[in-house]
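I opened this entry to work through one structure, a piece at a time. My notes follow in the order I looked things up.

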Amino acid sequence: MRPNEMIEVLNRPISQELPARDVTRLPYVAKDGNPRNVPIASTWNGSHVVMCTTKIAPNLPWPPSRTGS
């Protein structure tokens, strides 16, 4: 995606809603093949959307991997 395309998407009204909310709904496909939708905490740190959930959430891989800096 080009920088001008990213700016255009981020300036849309719907794109402004996610950082303003405390809870995000995260869709995923469960091991049984059915779709799931779980509420998780989220925040905007100025450059990334940070999503938080419990360590044993069923939508996370096990063992959990560490990402980031």
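Entry 1: I started with Leu10, which lies in helix α1, residues 3-10. The model is a predicted one, and I kept that in mind throughout. Is Leu10 buried or exposed? Leu10 counts as exposed, because its relative accessibility is 52% and the cut-off for exposed is over 50%. Leu10 forms a nonpolar patch with Met1 and Met6. Together the three have about 350 Å² of accessible area.

**Entry 2: salt bridges.** Next I searched for charged pairs. Side chains of opposite charge can pair when their charged atoms come close. How many salt bridges does the count come to? The count is two. One of them joins Arg12 to Glu8, with the closest N and O atoms 3.0 Å apart. I checked the cover on both partners. Arg12 is partly exposed, with a relative accessible area of 39%. Glu8 also has a value in the partly exposed class, at 42% relative accessibility. In another salt bridge, the side chains of Arg36 and Asp32 meet at 3.1 Å, N to O. Arg36 is partly exposed at 34% relative accessibility.

**Entry 3: the overall layout.** I stepped back to the whole chain. It has two helices and three strands. Along the sequence, I read the pattern as α-α-β-β-β.

Entry 4: In what order do the three strands stand? I found an open sheet in the order β1-β2-β3, with antiparallel pairing. β1 and β3 (49-52) are at the edges with a single partner strand each, so one side of each has no neighbour in the sheet. Neighbouring strands are turned by 45° against each other on average, direction ignored.

**Entry 5: β1 against β2.** I took the pairs of strands in turn. β1 pairs with strand β2 (residues 35-44) over seven bridges, in the antiparallel sense. I noted two positions here. Leu26 has Val38 of β2 as its bridge partner. Thr24 stands opposite Ile40, also in β2. β1 and β2 form a hairpin with five residues between the strands. In that hairpin I found a positive phi at Gly33, near 90°.

**Entry 6: the end of β1.** I looked at Val29 separately. Val29 lies in strand β1, which covers residues 23-29. Val29 counts as exposed, because its relative accessibility is 61%. Which residues does Val29 touch, not counting those up to four places away in sequence? I found Asn34 and Pro35.

**Entry 7: β2 against β3.** The pairing of β2 and β3 is antiparallel too, over four bridges. Thr43 stands opposite Val50 in β3. Ala41 has Cys52 of β3 as its bridge partner. This pair of strands also forms a hairpin, with four residues between them. Gly46 sits in the turn and has a positive phi of about 105°.

**Entry 8: whole-chain numbers.** I closed with the totals. What share of the 69 residues in the protein chain is buried? Buried residues make up 10%. The accessible surface of the protein chain is about 6,300 Å². Carbon and sulfur atoms hold 59% of that surface.

Key: Residues are numbered from 1 along each chain as its sequence is written. This is a predicted model: local features need pLDDT of at least 70, side-chain atom pairs count only at pLDDT 80 or more; totals for chains, interfaces and linings use all residues. Side-chain values use heavy atoms; hydrogens and water are left out. Buried means under 20% relative accessible area, exposed over 50%, partly exposed in between (1.4 Å probe, protein chains only). Contact means heavy atoms within 4.5 Å. Two strands pair if DSSP finds at least two bridges between them. Axes are lines fitted to C-alpha atoms, for helices over the stretch in contact, and angles run from 0 to 180 degrees between N-to-C directions. Accessible areas come from the Shrake-Rupley method with a 1.4 Å probe; for residues, only the protein chains shown count as cover. Patches are made of residues with over 30% relative accessible area and no salt bridge: like charges are joined within 9 Å, nonpolar side chains (Val, Leu, Ile, Met, Phe, Trp, Tyr) within 5 Å. A salt bridge is a side-chain nitrogen of Lys or Arg within 4 Å of a carboxyl oxygen of Asp or Glu.
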